[in-house]
Amino acid sequence: MRALETTPETSARMSRQSSHDTGVEKALRSALHRAGLRYRVHRRPLKGVRREADIVFGPAKVAVFVDGCFWHGCPEHATWPKRNSQFWREKIEKNRARDADTDARLREAGWLAVRVWEHETAAEAAARVATVVAERQALSRVRKRAG
């Protein structure tokens with residue numbers, strides 16, 4: 001990756017970007033909690049894999065990732081900066097590849113990764129997550145009875 005040339009203003013703005021407990025994450029967690037769901041926050045679903053999910057439903061094996069449109073290259077809202085364009089394209093493509101690898105590792109271990117874009121409303125995302133968690137919990141109960 002090329003060296004990043006930046007201005008002091010850009011550097012200051014980027015340093016204020018939060019990677020945990022963003023407004024989108026908090027709104028989603030609040031909506032999930034109101035729906036009666038309980039979860040863990042900022043956990044690594046898989047031991048030995050240094051990737052942290054934003055919200056984890058352990059028994060259902062569902063890991064929720066809240067992805068920023070810029071940082072993860074949203075198909076609807078991704079923008080490619082003009083300044084340092086090669087650096088940013090490489091960075092975002094690397095993030096996308098890591099996301100795909102994370103999803104594959106989780107799937108191999110019996111987990112389901114749910115990706116929520118920052119532009120989704122908390123209510124829509126929470127409904128989608130709640131449906132997936134309920135389906136996985138029901139499937140788990142069926143397996144326990146049959147086993």
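Trainee: What makes helix 2 oblique to helix 4?

Mentor: The axes of helix 2 (residues 23-34) and helix 4 (residues 122-146) cross at roughly 55 degrees and come within 9 Å. Angles under 35 degrees count as roughly parallel, over 145 as roughly antiparallel, 65 to 115 as roughly perpendicular and the rest as oblique, so helix 2 is oblique to helix 4. Bear in mind that this is a predicted model, where local features need pLDDT of at least 70, side-chain atom pairs count only at pLDDT 80 or more, and totals for chains, interfaces and linings use all residues. Residues are numbered from 1 along each chain as its sequence is written, and side-chain values use heavy atoms, with hydrogens and water left out.

Trainee: Which residues make the contact?

Mentor: With contact meaning heavy atoms within 4.5 Å, helix 2 brings A27, L28, A31 and L32, while helix 4 brings A122, A125, A126, V129 and A130.

Trainee: How many nonpolar, polar and charged residues does that contact have?

Mentor: Nine nonpolar, no polar and no charged ones. Ala, Val, Leu, Ile, Met, Phe, Trp, Tyr, Cys and Pro count as nonpolar, Asp, Glu, Lys and Arg as charged, and the others, Gly among them, as polar.

Trainee: And which residues line the largest cavity?

Mentor: P45, L46, V49, R51, T102, R105 and L106 do. By class, that lining has four nonpolar, one polar and two charged residues.

Technical notes:
Axes are lines fitted to C-alpha atoms, for helices over the stretch in contact, and angles run from 0 to 180 degrees between N-to-C directions. Helices (H or I, at least four residues) and strands (E, at least two) are DSSP runs, numbered from the N terminus. On a 1 Å grid over the protein atoms alone, a cavity is a set of points where a 1.4 Å probe fits but cannot get out, and a pocket is an open set with protein on both sides within 12 Å along at least five of seven lines; lining residues have an atom within 4 Å of a point.
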